[in-house]
Amino acid sequence: MKDSKHKAMGNPNLTDDHIFYAGILVGDECVCGGSKSEGKAFCYTCWKELPNELQLGLYKQLDGGFEEGYEQAEKWLRENYL
Ligand SMILES: [Zn+2]
């Protein structure tokens, strides 16, 4: 049954990573535990704490660099802000 969720999504090419990050984007909870808007990686409070170059990484598309941008931004927030 390992592939069942891929079939359920209707796209066998979706990776677990894609599903994971898409889930973050559609979720409404920020890494800080606060609420965020659907489609945003973080709440505005966290987002404005980020250095410019890390904010830029979050403008990238899913499967086009967003994953790396999110990882870096989340790591920075955990080390410097949370
Ligand atoms: Zn937040």
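**Starting from F66**

Me: Is F66 buried or exposed?

Reply: F66 is buried, because 20 other C-beta atoms lie within 10 Å and the cut-off for buried is 20 or more. Keep in mind that this is a predicted model.

Me: Which helix is F66 in?

Reply: F66 sits in helix α5, which covers residues 66-80.

Me: What does F66 touch, leaving aside neighbours within four places in sequence?

Reply: Its contacts are Y21, L58, K60 and Q61.

Me: How far apart are F66 and Y21?

Reply: In sequence, 45 residues. In space, 8.5 Å from C-alpha to C-alpha.

Me: OK, Y21 then. Where is it found?

Reply: Y21 is in helix α2, which runs over residues 16-26. Y21 is partly exposed, with 18 other C-beta atoms within 10 Å. Not counting residues up to four places away in sequence, Y21 touches L62, F66, E67 and Y70.

Me: So how do α2 and α5 sit relative to each other? At what angle do the axes cross?

Reply: At roughly 60°, and the axes come within 11 Å. The two helices are therefore oblique to each other. The range for roughly perpendicular begins at 65 degrees. The crossing of α2 past α5 is left-handed.

Me: Which residues meet there?

Reply: From α2, D17, Y21 and I24. From α5, F66, E67 and Y70. By type, the residues of this contact are four nonpolar, two charged and no polar.

Me: Switching topic. Which residues make up the largest nonpolar core?

Reply: There are eight: C30, A41, F42, C46, L50, F66, Y70 and A73. Helix α5 gives the most to this core, with three residues.

Me: L50 is on that list. What does L50 touch, not counting residues up to four places away?

Reply: L50 touches Q55, A73 and W76. A73 is listed in the core too.

Me: And L54, buried or partly exposed?

Reply: L54 is partly exposed, with 18 other C-beta atoms within 10 Å. L54 lies in helix α4, residues 52-57. Leaving aside neighbours within four places in sequence, L54 is in contact with Q72, A73 and W76.

Me: How far is L54 from A73?

Reply: They are 5.6 Å apart in space, C-alpha to C-alpha. Along the sequence, 19 residues separate L54 and A73.

Me: Now the loop between α4 and α5. What is the phi of D63?

Reply: D63 has a positive phi of about 70°, although D63 is not a glycine. That loop is where D63 is found.

Me: How many other C-beta atoms are within 10 Å of D63?

Reply: The count is 14, so D63 is partly exposed.

Me: How far is D63 from Y21?

Reply: Y21 and D63 are 9.3 Å apart in space, C-alpha to C-alpha, and 42 residues apart in sequence.

Me: Zooming out. How many helices and strands does the chain have?

Reply: Five helices and zero strands. Along the sequence the pattern reads α-α-α-α-α.

Me: What share of the chain is buried?

Reply: Buried residues make up 11% of the 82 residues.

Me: Last one. Of contacts between residues at least 6 apart in sequence, what share join residues at least 24 apart?

Reply: That share is 33% in this chain.

How values were computed. Residues are numbered from 1 along each chain as its sequence is written. This is a predicted model: local features need pLDDT of at least 70, side-chain atom pairs count only at pLDDT 80 or more; totals for chains, interfaces and linings use all residues. A nonpolar core is a set of buried Ala, Val, Leu, Ile, Met, Phe, Trp, Tyr and Cys residues joined through C-beta atoms within 7 Å. A residue is buried if 20 or more other C-beta atoms lie within 10 Å of its own, exposed if 12 or fewer, and partly exposed in between; C-beta atoms are placed from the backbone. Helices (H or I, at least four residues) and strands (E, at least two) are DSSP runs, numbered from the N terminus. Two residues are in contact if their C-beta atoms, placed from the backbone, lie within 7 Å. Axes are lines fitted to C-alpha atoms, for helices over the stretch in contact, and angles run from 0 to 180 degrees between N-to-C directions. Angles under 35 degrees count as roughly parallel, over 145 as roughly antiparallel, 65 to 115 as roughly perpendicular and the rest as oblique. A crossing is left-handed if the near helix is turned anticlockwise from the far one by less than a right angle, and right-handed if clockwise. Ala, Val, Leu, Ile, Met, Phe, Trp, Tyr, Cys and Pro count as nonpolar, Asp, Glu, Lys and Arg as charged, and the others, Gly among them, as polar.
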